[in-house]
Amino acid sequence: MAQNLLASLSDSQLDLLHRLADESAALGFPIYIVGGFVRDLVLGRPSLDFDLVLEGDAISLGRSLVSKFGGKLTVHTKFKTAKWFPGLSAFRPSNLPTFIDLISARSETYKHPAALPTVKLGTVADDIRRRDFTLNALAICLDGEYFGELRDELGGLDDLQNGLVRVLHPRSFVDDPTRLFRAARYEKRYDFKIEPQTLALIPEARPLIAKLSAQRIRHELDLILGEPNALSILARLGDLDLLKPIHPSLTWDVTTWARFQHKVNSANERWLLWLMSLTETEIASLNQRLKFTASLLKSLYASSKIFAALSAFEDLKPSQCVERLNGFPLNAVSAAALIAQGKSRQNLEKYLSEWRHIKPKTTGDDLKNLGIAPGPKYQEILSRLRNAWLDGEVDSENEEKRLIENFLKETG
Ligand code: CTP
C-alpha cells in the first residue's frame, strides 16, 4: 500500500526524499515523512507540505543539507526544528516544495488545559502520539530498505478510508481546544464525519475555548476562512456551539450564510463578509478577544459603517458617494458592493471602478499661476472641481476655469 503511495510522487519528489534520507542516515537519524503529507497522499490529493520527523537533531540535518546542496535554513533552537529552503541550487523546482520542515521527534505534555505544550525529545512513535487526530498520525519511513513503509499504529488508515475524524485520546481537546476547530475544518474539507466518541468529548472542552490566546484562536479562524468551503465549516461550528464561546458576537445564521455565497479570494474578505453586520462597538469588543491586525480592523470598521448605511447609497450623487467612501480600505467597499443590491450596488461598483480615480485637470500649480495664495482654499477648489466632474457639471478644462472664477467671486 505505502509503496504504492510513494509511487504516485514525481521522480523529482522521490529524488528529493532519497537525498534527505541519505543525509539523515549519514548522521545516524531514522527519518519519516509524516502528518498532512501522508494523509493527503492516501486521499489521492498529493501536497507539497513536506514535514519530516527524525529521531535526532533536525537542526544538524538542516545544516548538513545546506552544506551539501545549498539553499537557506531557518532554525528554532528551543523546539529543535528547522526549515530548509533548497532554492534552485541542487534541485529543479518542478513539483517540489519551496521549503521542507525538519522536526526533531518529540513528545508533548500539557501542564494545564489550553496551555502551550512542554516538549521533550523522543521517538517517532512519541511524535505521532502527540498529534491531534488519527488521520494526521500516519508516517512513512524513508530509511534505506524501509523506504516507503507505512507506519500506522493508531488506525489512521482505516479512519481515512472510512471518512472519520477521531482524536487520539480522550484528553486531546482539553489539552488543546484549538483542535475543536481543526476537527470541523477537516470534517468539512474532506466531507468526513467527526466520529461519535470524539463528538461526545466536545462539551467538556467547550468552556476551555475561553482560555485560548487571541493569536491561537485567530490563527484557527484564519485557516478556516481560507478554506474553499469555509461556509460549511462555520455552519458546523455554529451547530456545535463553538463560535459563541469565542465571543458572543461571533454567530452564524442565515444572513451570514447568504453573504458567504459570494465568491471572494482571501480569508480577510471573508472576515469582512462575516462581520460587516456588527456594530462598531461589537467590533471593538470582538477585537479585544481576537486582536485583529491593524489593517483588518480598519477594514472591519469601514465595512460595518458602509453596511449600516447601505440603503443610503441608493440616493447619493457620485460626489457624495466619493466623499463618504474616500479613505475607506478598498476591500471593505468591495465586500459591501458584493452584498448590496440595486442602485446602492451600482454606486459602490462605480466608485471602485471609476469615480475614485476622477481628478480635475487643474492642479495646485495651475492655481498658483492664477495668482491664488496657497492655503486650505486649494483643497476646497480642487474638491469642488472633482465633485463637478463626478456629478457631470463640467466636462472640459474651460468649464473648470469658469467654475474656479465663480468660486473666487463667491468667496472673495
Ligand atoms: N497538530 C496537532 N495539534 C494542533 C495543531 C497541529 O496535533 N493544534 C499536528 C497535526 O497532527 C498536524 C501537524 O501538527 O498533522 C502539523 O500541523 P499543521 O501544519 O497545522 O497541519 P497539516 O497536517 O499541515 O494540515 P493542514 O493541511 O490543515 O495544514
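D175 is in contact (heavy atoms within 4.5 Å) with Y110, P113, A114, A115 and H169, leaving aside its neighbours within four places in sequence. The structure is a predicted model, in which local features need pLDDT of at least 70, side-chain atom pairs count only at pLDDT 80 or more, and totals for chains, interfaces and linings use all residues. Residues are numbered from 1 along each chain as its sequence is written, and side-chain values use heavy atoms, with hydrogens and water left out.

**D175**
- D175 lies in helix α7, residues 172-175. Helices (H or I, at least four residues) and strands (E, at least two) are DSSP runs, numbered from the N terminus.
- D175 counts as buried because its relative accessibility is 9%. Buried means under 20% relative accessible area, exposed over 50% and partly exposed in between, with a 1.4 Å probe and protein chains only.

- Helix α12 covers residues 230-239, and its buried residues are A230, L231, I233, L234, R236 and L237.
- An α-helix has 3.6 residues a turn, so residues three or four places apart point the same way.
- The cover over the buried residues of α12 includes the helices α8 (178-190), α9 (196-199), α11 (214-225), α13 (254-259) and α14 (267-275), and also β11 (193-194).
- After α12 comes D241, with a positive phi near 55 degrees.
- H247 sits in the loop between α12 and α13.
- H247 is buried because its relative accessible area is 10%.
- Apart from neighbours within four places in sequence, H247 is in contact with S285, L286 and R289.
- From H247 to E282 is 35 residues in sequence and 9.9 Å in space, C-alpha to C-alpha.

**The whole chain**
- The chain has 22 helices and 11 strands.
- Of its 412 residues, 50% are buried.
- The radius of gyration is 28 Å, whereas a compact globule of 412 residues would have one near 22 Å. This radius is taken over C-alpha atoms, and the globule rule is 2.2 Å times the number of residues to the power 0.38.
- Along the principal axes, the C-alpha atoms fill a box of roughly 90 × 50 × 35 Å.
- Of the contacts between residues at least 6 apart in sequence, 63% join residues at least 24 apart.

**Domains**
- The chain is divided into domain 1 (1-162), domain 2 (169-246), domain 3 (266-357) and domain 4 (364-411), with bounds from an automatic or database domain assignment.
- The centres of domain 2 and domain 4, taken over C-alpha atoms, are 58 Å apart.
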